[in-house]
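Please read the points alongside the coordinates.

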Amino acid sequence: MNCVVCHHTVSHGLTGWHSQCPHCRYEAATLRVSINVPQAHASIDEEAREASLKALRQANFAEIVDHARTYAPPGGRRLLDVGSAHGWFLEAAAPAFDAIGIEPDAEVGSKAAQRGFQVRQGYFPDALRSDETFDVIVFNDVIEHIPDIGSALRACHDRLNPGGILILNLPNSRGFFYRLSKLLVRLRIAGPFERMWQKSLPSPHLHYFDNQNLTRLLAGLGFSLVFQRELPALRAQGLKERLGYVGNPNPLVLWGQYVVIRCLIPVLRLFPSDIIVGIYRREG
Ligand SMILES: [Zn+2]
């Protein structure tokens, strides 16, 4: 297999399904995607997982909408949210943009549509009309799940208006927790590494980037970097719900974990975060 960024041959990684590029540090997984398979919903408690992340996502989405307003072309209001899931980003973007979403999971997408958001069921870009273009296209925790990432990004270039921006919010391979999970898998503790890749979920992660190799990939596809930063992977708000979901029924243990992690948040800010956001402008 060749690296999607620099096209060198990738090396064997830390597990049978993981590989990494020795030249640009891009990482890939050959995990199976089973979205819209009926058992996929039954096999995990998707709603509980999402609810546990809601506070973190909403805080990060509010920040991303601010950046979108700053960097969108003047007067540009048309925004597309690819993989809009529960509609939380559409909700955050609604005051500033005419936002529409695309969601492959019919059940999740129809719930967001019932709440009044414009959501198309299907995949990007097939779910769009042939003449539809946008000023802003956003992928929140989505691009790392797409098998043919090169085609998806080329379609973004086609679907952006001149001067339009692409916003990618995704996991960071330089992040503190990801690197900790790589250390643990070397010590034969595979659980955290498998969870970082979402190995047991219907749509696992297939790619892991850092700021440099992501910008290099985009540059090769006709995008220039306008803004890049880390977003917090842990926020105090909603932390207890998140820990509760990971699942310790003992309330004393839960409170103990909460207090320890709450105190660690300022310390963890000293290390690279596990979430990055990049904003890229369509060239030409
Ligand atoms: Zn590479």
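1. In this predicted model, Trp255 has a relative accessibility of 46% and is therefore classed as partly exposed. Tyr258, by contrast, is buried, its relative accessible area being 17%. The cut-off for burial is under 20%.

2. Trp255 and Tyr258 both belong to helix α10 (residues 251-268), where a spacing of three residues separates them by about one helical turn.

3. The model contains 14 aromatic pairs. One of them joins Tyr178 and Trp197: the ring centres are 6.3 Å apart and the planes meet at 65 degrees, so the geometry is edge-to-face. Because Tyr178 sits in helix α6 (residues 176-186) and Trp197 in the loop between α7 (191-196) and β9 (207-208), this pair ties together parts 19 residues apart in sequence. Tyr178 and Trp197 are both buried. The pair formed by Trp255 and Tyr258 is likewise edge-to-face, since its ring centres lie 5.6 Å apart with the planes at 85 degrees.

4. Tyr178 and Trp197 are also members of one aromatic cluster, together with Trp17, Phe193 and Tyr208.

5. How many cavities of 30 Å³ or more does the whole structure hold? The search returns one. Two or more lining residues come from each of α2 (46-71) and α9 (239-246), and α2 supplies the largest share, four residues.

6. The lining of the largest cavity comprises four nonpolar, three polar and two charged residues. Among the lining residues are Leu53, Leu56, Gln237, Arg235 and Arg242.

Notes: Residues numbered from 1 in each chain as written. Predicted model: local features only at pLDDT ≥ 70, side-chain atom pairs only at ≥ 80, totals over all residues. Heavy atoms only, no water. 1 Å grid on protein atoms, 1.4 Å probe; cavity = no way out; pocket = protein on both sides within 12 Å on 5 of 7 lines; lining within 4 Å. Points joined across faces, edges and corners; volume = space filled by probe spheres on them. Nonpolar A, V, L, I, M, F, W, Y, C, P; charged D, E, K, R; others polar. Phe/Tyr/Trp six-rings, centres within 6.5 Å; stacked < 30°, edge-to-face > 60°. Buried < 20%, exposed > 50% of the residue type's maximum accessible area, 1.4 Å probe, protein only.
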